[in-house]
Amino acid sequence: MNRKAFTLARFITETQAGYPAATGEFSALLVQIGLAGKILTRDLRRAGLLDILGATGETNVQGEAVKKLDTIANETLIKVFQHTGLVCALASEEMEKPLFLSENWPHGKYMLLFDPLDGSSNTDVNMPMGTIFSVLHYEGAAGPAAEDLVRGGTQQVAAGYLMYGSSTVLVFTSGKGAHEFTLDPDLGEYLLSKEGIRMPMKGAVYSANEGNACKWVPGVRRFIDYLKEADKPTARPYTLRYSGCLVADVHRLLTGGGIYLYPAETNKPEGKLRLLYEANPLAMVVEQAGGRASTGVERILAITPEALHQRVPLLIGSGDDVAMAEAFIQGKR
Ligand code: AHM
Ligand code: MG
């Protein structure tokens with residue numbers, strides 16, 4: 001069958017029979033995420049014409065400057081899930097505390113964690129951005145509390161991202177492969193563009209903010225120096241590609257392979273990226289595509305989180321490249 005004309009809704013409906021406890025609600029949830037992606041695509045396409053660029057002047061719970069588009073993206077995600085009966089709790093990189101959607105409870109058993117606008121330093125310069133999401137299922141009877149959202153990555157029932165680049169794509173996994181849908185702007189539909197993505201075991205690209213090299217722990221510096229040496233049989237020197245948007249850099253790796261790193265720094269061992277909003281969902285996607293995600297010493301999805309806004313060092317990409325980075329960090333090479 002030609003699956004190229006498969007819409008997101010049809011793909012999930014026709015494949016969800018293979019998922020335990022699948023209901024039409026999961027399909028509806030992904031369609032709502034797709035809707036948020038359409039709204040944000042529209043906003044980003046005309047951002048330079050409207051008063052939505054620049055910073056709000058506020059800082060978020062992470063201590064970072066909030067861009068106007070961060071707030072717009074966060075509000076968009078909230079709006080598309082209010083009164084849907086799908087999701088009982090939302091947690092976001094931009095909100096100090098989870099938002100409980102009491103009007104959706106007890107029908108909506110899903111909980112959604114998200115980074116509404118990843119790569120928001122790119123907002124003012126027409127560069128790629130993304131939205132990352134992680135889906136949990138609440139099994140209790142009393143209604144979720146804040147601690148119910150703080151769960152390890154293996155408990156995600158689905159995860160994925162939207163990427164706003166030269167086209168808008170939605171990549172997701174519900175544990176049976178990772179799939180890509182591209183938004184057809186004329187139809188207003190997401191159509192299947194890659195089913196069962198498999199990333200190469202090894203690439204020849206590295207993505208890292210090398211301006212921070214002086215702060216990196218020594219193993220990371222030695223690893224990057226190694227990648228830059230010329231040695232044709234091992235594909236070295238690797239090419240550097242760094243967009244300032246984690247989603248875009250990981251999306252490149254899904255096709256061509258390689259490694260993205262935001263590692264531990266000597267004075268900041270926790271790294272920069274957020275475990276629950278960024279590392280866990282992307283780790284699930286990448287593992288489903290045959291790749292690997294690690295702190296350098298531990299599999300990302302095996303971490304038991306302690307706090308909603310917890311940060312974590314992240315090495316993600318092709319299995320062999322991430323394993324090689326781990327060996328350098330652990331002093332085995
Ligand atoms: P954000 O979610 O606030 O945009 O922060 C995450 C971003 C990643 O997308 C990107 O890879 C990284 O932070 C860039 O950070 P830096 O400017 O320190 O290189
Ligand atoms: Mg981010």
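Author: Happy to! One definition before we start: helices (H or I, at least four residues) and strands (E, at least two) are DSSP runs, numbered from the N terminus. Please also keep in mind that this is a predicted model.

Reader: Thanks! Then where is asparagine 126 found?
Author: You will find asparagine 126 in the loop between β5 and β6, and β6 covers residues 129-137. Its phi is positive, about 60°, although asparagine 126 is not a glycine.

Reader: And is asparagine 126 buried or exposed?
Author: Asparagine 126 is exposed, since its relative accessible area is 75% and the cut-off for exposed is over 50%.

Reader: What about alanine 235, what is its phi?
Author: Alanine 235 has a phi near 65°, which is again a positive value in a residue other than glycine. This alanine sits in the loop between α4 and β12. With a relative accessible area of 33%, alanine 235 is partly exposed.

Reader: Which peptide bond is cis around proline 237?
Author: That is the bond from arginine 236 to proline 237, with omega near 5°. Proline 237 lies in the loop between α4 and β12 (239-240). There is also a cis peptide bond between tryptophan 105 and proline 106, where omega is about 10°. For proline 106, look in the loop between β4 (99-100) and β5 (110-118).

Reader: Let's switch to the sheet. What is the order of its strands?
Author: The sheet is open and has eight strands, in the order β4-β3-β5-β6-β7-β8-β9-β10, with mixed pairing. At its edges stand β4 and β10 (189-194); each has a single partner strand, so one side of each is left without a neighbour in the sheet.

Reader: What does pairing mean there, in general?
Author: Strands of a sheet pair through backbone hydrogen bonds, either parallel or antiparallel.

Reader: Nice. In which sense do β3 and β5 pair?
Author: Strand β3, residues 87-92, pairs with β5 in the parallel sense, over five bridges. To see one place where they meet, find serine 92: its bridge partner in β5 is phenylalanine 114.

Reader: And how many bridges link β3 and β4?
Author: Two bridges, and here β3 and β4 pair in the antiparallel sense. Alanine 89 stands opposite phenylalanine 100 in β4. The two strands are joined by a hairpin, which runs from β3 to β4 through six residues.

Reader: How many residues of β3 are buried?
Author: Six of its six residues, which leaves β3 mostly covered.

Reader: Which strands does α5 lie across?
Author: Helix α5 lies across β5, β6, β7 (158-164), β8 (168-173), β9 (178-184) and β10, and it runs at about 105° to β7. Helix α6, residues 275-288, packs on the sheet too, where it touches β3, β5, β6, β7, β8 and β9. The direction of α6 makes about 100° with that of β7.

Reader: Why is α5 said to be largely enclosed?
Author: Because eight of its eleven residues (the helix is 246-256) are buried, α5 is largely enclosed by the rest of the structure. Among the buried ones are Leu246, Val250, His251 and Leu254. Just after α5 comes glycine 257, with a positive phi of about 80°.

Reader: Okay, helices against each other now! At what angle do α4 and α7 pack?
Author: Helix α4 (residues 218-227) and helix α7 (residues 319-329) pack at about 130°, and their axes are 7 Å apart. That angle makes α4 oblique to α7. The crossing of α4 past α7 is right-handed.

Reader: Which residues make the contact between α4 and α7?
Author: From α4 they are Gly219, Val220, Arg222, Phe223, Tyr226 and Leu227, and from α7 they are Asp321, Met324, Ala325, Phe328 and Ile329. Sorted by class, this contact of α4 with α7 has eight nonpolar, one polar and two charged residues.

Reader: Last one: what does threonine 7 touch?
Author: Leaving out residues up to four places away in sequence, threonine 7 touches Phe181, Glu189, Tyr190 and Leu191. Threonine 7 is placed in the segment before α1 (8-15). Its relative accessible area is 19%, so threonine 7 is buried, given that the cut-off for buried is under 20%.

Conventions
Residues numbered from 1 in each chain as written. Chains lettered and ligands numbered in written order. Predicted model: local features only at pLDDT ≥ 70, side-chain atom pairs only at ≥ 80, totals over all residues. Heavy atoms only, no water. Axes fitted to C-alpha atoms, helices over the stretch in contact; angles between N-to-C directions. Parallel < 35°, antiparallel > 145°, perpendicular 65-115°, else oblique. Left-handed = near helix turned anticlockwise from the far one by under 90°. Contact = heavy atoms within 4.5 Å. Nonpolar A, V, L, I, M, F, W, Y, C, P; charged D, E, K, R; others polar. Buried < 20%, exposed > 50% of the residue type's maximum accessible area, 1.4 Å probe, protein only. Pairing = 2+ DSSP bridges.
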